[in-house]
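Thanks for coming, everyone. Have the sequence and the model open, and let's walk through them.

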Amino acid sequence: MAEPPSGKKVIDLVRRPMPAQPADERSHNFTEVALGYTLELASEEARRCLDCKMPRCMDGCPVNVDIPGFIRELAKGDLRGAISTLREHNLLPAVCGRVCPQENQCEAVCNLVKRGASVAIGRLERFVADAAAMDNMIEPPQPSPSTGKRVAVVGSGPAGLTCACDLLRLGHQVTIYEALHEPGGVLIYGIPEFRLPKHIVRREIDQIRAMGAEIVCDFVVGQSATLSELRAQFDAVFVGTGAGLPWFMGIPGENLVGVMSANEYLTRVNLLKAYQTGAATPVPKPRVAAVVGAGNVAMDAARTALRLGAKQVHIVYRRSRDEVPARLEEVEHAEEEGIIFDFLTLPVAFGGENGRLTTITCQKQQLGEPDERGRRSPVPIEGSEYDMPCDLVVMAIGQSPNPLIKNTTPDLQTSRRGTISADDKTGRTNLPGVFAGGDVVTGQATVILAMGAGRKAAASIDDWLRTGEWAIVEAEG
Amino acid sequence: MYEIVERRQLVPDHHVLTIHAPHVANKVQPGQFVILRSDEEGERIPLSVADFDREAGTVTSVFLEAGAATMKLARLETGGTIPTYMGPLGKASEVEPCGTVVLMGGCYGIGALYPIARAHRAAGNRVISILEAHTQWLLYWTERHQAIADEVYVMTSDGTAGERGLSFDKLTALLDGGLAPGLVYAIGCTFLMSSAAKLAEERDLNLKVALNTVMVDGTGMCGGCRCSAGGEPKFACVDGPEFDGRAVDWEGLMARRRAYRPQELATMRRLDSSGKLASSKPAGKGPHHG
Ligand SMILES: Cc1cc2nc3c(=O)[nH]c(=O)nc-3n(C[C@H](O)[C@H](O)[C@H](O)COP(=O)(O)OP(=O)(O)OC[C@H]3O[C@@H](n4cnc5c(N)ncnc54)[C@H](O)[C@@H]3O)c2cc1C
Ligand code: SF4
Ligand code: FES
């Protein structure tokens, strides 16, 4: 790209493609699919940014990353500047650059989107984060002098980690309690290695440890200690326990061996490393797998089954392609890898022999009239049922918070769906000193929204620790 | 890392495992379980709690060496460490005054019943323990049960100790003799529990069983432990592990227990004497609760 003449920018409408492993190769391995921009591609892509007077991308980002700022610095070759700008608003840019649904967020409102070629903000974010890490440029944020206050953070997913990091930065002492044997939440047990390499997540967690956080694993709040007991030991508690409890459909045959939740399938493969040769944890190696649902979780499960050797993998989804909730890139990758999409299809029963799954019975759907939100609901087509042989069904139709804290904290206000009721600006619950954020409040959402909630809660916790005032306060911004 | 205070074979294939884990010991109640891993590559294994000492910060389980996972566990040495020990998990037993409580256990269940029996005794109930084993040399903890129970019956399949027969037979005889227990507990293999359930159905007994389903996380996250009780879907790790024995769908449960059998055998064949996996082909072994 030639340098634009001063004052005026040449509009370059070629979004630089992301180098990736070829589909037929990657569908047999667990190494990362998207390889990341080279310095050259990143510089070219960064120079496509028009550095608009009225940039809208920042409003599209749930944590308001200074997008034009970091891209400007990158375009100038100032990697150190770019990473520090990014990290001002986003603790985990290497993660977000990989897993944010950019096409619905920052890139959806980029002024170039109308011309069909928004700047590849996510890819640039990833490049800056990876390159800076490679050059050892990422330093843990400097903690302020100690305030002597102690905060317990429950759950170590993106919400808990972000909250912990901000609290440390503000000089508070933090102990993170995690139920599983490794911290990271969905980033560790859910999202597969080929999409988010675990060493990236571990690197970020090591930094939070280096800042002084104590991380206690194998500790289940509600069981190892109740929320009230923690509250009595700490000056404040943040609950970021996610929405991990998987839903099932309640249709015949669902308890057959061979039907499992996406969480079980992905946890066996990721957290328990069943994808590695020699790992002890059993994981089914199907011939034909059907994954029910079409969100990110479903794409991850389907592509995992393929990598574990399935000959055929179907995504069974009751709506059409337009309604698919997964990130666009994941859908495209899944299609390239040969995942078969059965749209407008609803499982109605599972069949088996000797307790083991052998078939899935599906019914075709058509889209009905739009509802009040404008979404067209699927309507069954009578008599369209058909059987498909398969030996693994993975349910990825949604999840809600586990009941452990709710069951043992009767005064904590929760919704009918089991989510904790908390103010969305401050994370304050109905119990003074108890804050909550992330999926446990919203139901399953996104990494960046969980991080945003962790950050808002940290600011509000700081406020409470300094003032002792519990009235729900408006967070700035 | 958690210290192995004791790992000892009680009788062939049955081991006692005591771990120093104050975070569990502080809170654990009878009827709860823990999840542990024997090493960093290891599978997560659920085990019922068979005893605990809050002051010493220790928790004890009895496990049966059944699959590859518990085979590795059985090779751990006293004084060593394990990387994961999580809990207490599941709901505690409800212990209320209810007259006579009969506790029937076999296999790891003899251990798992012990703290429950102790709690019922402390609550003022009359406690009758029925301990079952194939043969005399597979019996353990008889004296422990004798020390807390009002009556202890021993049943062996071959008649080498106590009476010949199953715990099921003893309970039937006691009922025929006019015993009217307020509560019956059955913990052990699925066969023991499901046959107790049949009897409970016939004789209208209040029966509690502790389910040993496949489990991964123990927090309601995987759904691997799902079962059906009273026609309702349940997650054994958070809704249980104890359920009304008459409400459980036993057939569905047994099918699910068999989930990973073929892979489990494959792993066992690859375990060499050090407990390390021998070859490099991916395979697995079955979760075990016991
Ligand atoms: C397979 C999969 C793929 C996804 N893909 C994407 C994607 O591409 N992009 C995106 O933006 N989002 C994605 N999501 C959603 C995203 O991961 C979540 O929205 C996000 O992780 C929520 O963060 P959180 O911190 O609220 O909770 P979580 O990440 O769920 O972390 C909660 C943690 O709390 C722990 N915990 C639970 N109960 C207790 C307790 N009682 N005591 C102690 N600890 C407890 C859990 O073990 C867990 O580690 C995906 C989710 C899944 C499952
Ligand atoms: S954090 Fe997510 S939404 Fe915000 S700029 Fe980065 S990729 Fe876009
Ligand atoms: S063990 Fe995973 S949900 Fe119960």
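A:Asn64 sits in the loop between helix 3 (57–60) and helix 4 (67–75) of chain A. Helices here are DSSP runs of H or I, at least four residues, strands are runs of E, at least two, and both are numbered from the N terminus. A:Asn64 is not a glycine, yet its phi is positive, about 55 degrees.

Some ground rules. This is a predicted model: local features need pLDDT of at least 70, side-chain atom pairs count only at pLDDT 80 or more, and totals for chains, interfaces and linings use all residues. Residues are numbered from 1 along each chain as its sequence is written, chains are lettered from A and ligands numbered from 1 in the order written, and side-chain values use heavy atoms, with hydrogens and water left out.

Next, the interface. Chain A puts 46 residues into the contact and chain B puts in 48; contact means heavy atoms within 4.5 Å. Together the two chains bury about 3500 Å², with 54% of it on carbon and sulfur atoms. Buried area is the accessible area (1.4 Å probe) that two parts lose on being put together, summed over both.

How many salt bridges cross between chain A and chain B? The rule finds 1. It asks for a side-chain nitrogen of Lys or Arg within 4 Å of a carboxyl oxygen of Asp or Glu. The partners are A:Glu229 and B:Lys27, at 2.8 Å, N to O.

Which elements of chain A each supply at least two residues to the side that touches chain B? Strand 5 (245–246), strand 6 (259–261) and helix 13 (262–269). Helix 13 of chain A gives the most, with 4 residues.

Over to chain B. There, 5 strands form an open antiparallel sheet, in the order 5-6-2-1-7. Strands pair if DSSP finds at least two bridges between them. Strand 5 (51–53) and strand 7 (81–82) of chain B stand at the edges with a single partner strand each, so one side of each has no neighbour in the sheet. Strand 5 of chain B is joined to strand 6 (residues 58–64) by 3 bridges. B:Asp53 has B:Thr58 as its bridge partner.

Last, cis peptide bonds. The bond from B:Gly87 to B:Pro88 is cis, omega near -5 degrees. B:Pro88 belongs to strand 8 (residues 84–89) of chain B. The bond from B:Gly240 to B:Pro241 is also cis, omega near 10 degrees. B:Pro241 is in the loop between helix 7 (236–239) and strand 17 (242–244) of chain B.
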